[in-house]
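Please keep the structure open as you read.

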Amino acid sequence: MLRQTEHLPQPSKASSNDPVIEMRNVSTSFGEHVVHSDINLEIHRAEIFAIIGGSGSGKSTLLREMILLQRPNSGTIRILGIELKDISELDALALRKRWGVMFQHGGLFGALTIKENVGLPLHEHTALSDAQIDDIADAKLNMTGLKPEVADQFPSELSGGMMKRASLARALALEPELLFLDEPTAGLDPVSAAGVDALVMQLRDQFKLTIVMITHDMDMLWQVADRVAVLADGKVQEVGSMQALSQSENPSVKSFFMGHRGQAAMQRNLTPLENIKE
């Protein structure tokens, strides 16, 4: 599919080695409540990067700042080489076309069929014909593992797992370089969640997408994430692989692995050699 190029903001001297997302000294507060204080993050190309933290740690706020739904009080955010501070509306629209978002509850319009939902970004942002858009929507649904008959169904007729896949198909409609996933397996049974895990990895591997996700799913973190950032007390406590984080002595990090769910997920996902105690 051809991407519209009527007005795309261009990064200055960006290379394939530059971070896809770069946050420097990002601070956010609501009144007297400090959500973030001097957040620093780099997310690399074709990386699956997860953000975790307890309730109120600011995960969702950080995601909203990345996708231009909210602005921090201070600091800088660069996405795909573009500085978000003071970005014009026209440049912001062009930049949004380069990423896709899968919202936690799907965000699908109940009055539209699944095919119409997936095709909606194409109707809004391209000059493609209805027939071309329908073909692309069918292809995206197939890409996410949904059967052809799902296209003419409505969101209310889908299971939770099918809803997640349909929402992901819509996020992929404009062939983004960057994909944001908000709790992609929340509310799913283990079989459906494992299917989403496999799909996320397949999309990254096949299309070299950079994927940023917020999740509480410990199995997904072990199975899918290349690196994980742990938020607590307004700061990034540590960034690393799940293997590395599981050995951390930082109390804010250890808390994710010490509970029953954390311990169970760690035992399921460590290799037998790693489970051998000396």
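Glutamate 249 and lysine 254 form a salt bridge, with their closest N and O atoms 3.7 Å apart. A salt bridge here means a side-chain nitrogen of Lys or Arg within 4 Å of a carboxyl oxygen of Asp or Glu. The model is predicted: local features need pLDDT of at least 70, side-chain atom pairs count only at pLDDT 80 or more, and totals for chains, interfaces and linings use all residues. Residues are numbered from 1 along each chain as its sequence is written, and side-chain values use heavy atoms, leaving out hydrogens and water.

**Glutamate 249 and lysine 254**
- Glutamate 249 is exposed, at 62% relative accessible area.
- Lysine 254 is partly exposed, at 30%.
- The classes are buried (under 20% relative accessible area), exposed (over 50%) and partly exposed (in between), using a 1.4 Å probe and protein chains only.

**Salt-bridge network and count**
- Glu22, Arg24 and Glu42 belong to one network, joined by salt bridges that share partners.
- The count of salt bridges comes to ten.

**Arginine 227 and glutamate 47**
- These two side chains meet in a salt bridge at 2.4 Å, N to O.
- The pair links distant parts of the chain, 180 residues apart.
- Arginine 227 sits in strand β9 (residues 227-232), and glutamate 47 in the loop between β2 and β3 (48-53).
- Helices (H or I, at least four residues) and strands (E, at least two) are DSSP runs, numbered from the N terminus.
- Glutamate 47 is buried, with a relative accessible area of 6%.

**Aspartate 226 and arginine 204**
- The side chains of aspartate 226 and arginine 204 form a salt bridge at 2.6 Å, N to O.
- This pair also links distant parts of the chain, 22 residues apart.
- Aspartate 226 lies in the loop between α7 (218-224) and β9, while arginine 204 belongs to helix α6 (residues 190-207).
- Aspartate 226 is partly exposed at 32%, whereas arginine 204 counts as buried at 12%.

**The sheet and its helix**
- Four strands make an open, antiparallel sheet in the order β2-β1-β4-β5.
- Two strands pair if DSSP finds at least two bridges between them.
- β2 (33-43) and β5 (82-83) are the edge strands, each pairing on one side only.
- β1 (residues 21-30) and β4 (residues 74-79) run antiparallel and are joined by five bridges.
- Isoleucine 21 has isoleucine 79 in β4 as its bridge partner.
- Helix α1 (residues 59-66) lies across β1, β2 and β4, at about 120° to β1.
- Axes are lines fitted to C-alpha atoms, for helices over the stretch in contact (heavy atoms within 4.5 Å); angles run from 0 to 180 degrees between N-to-C directions.
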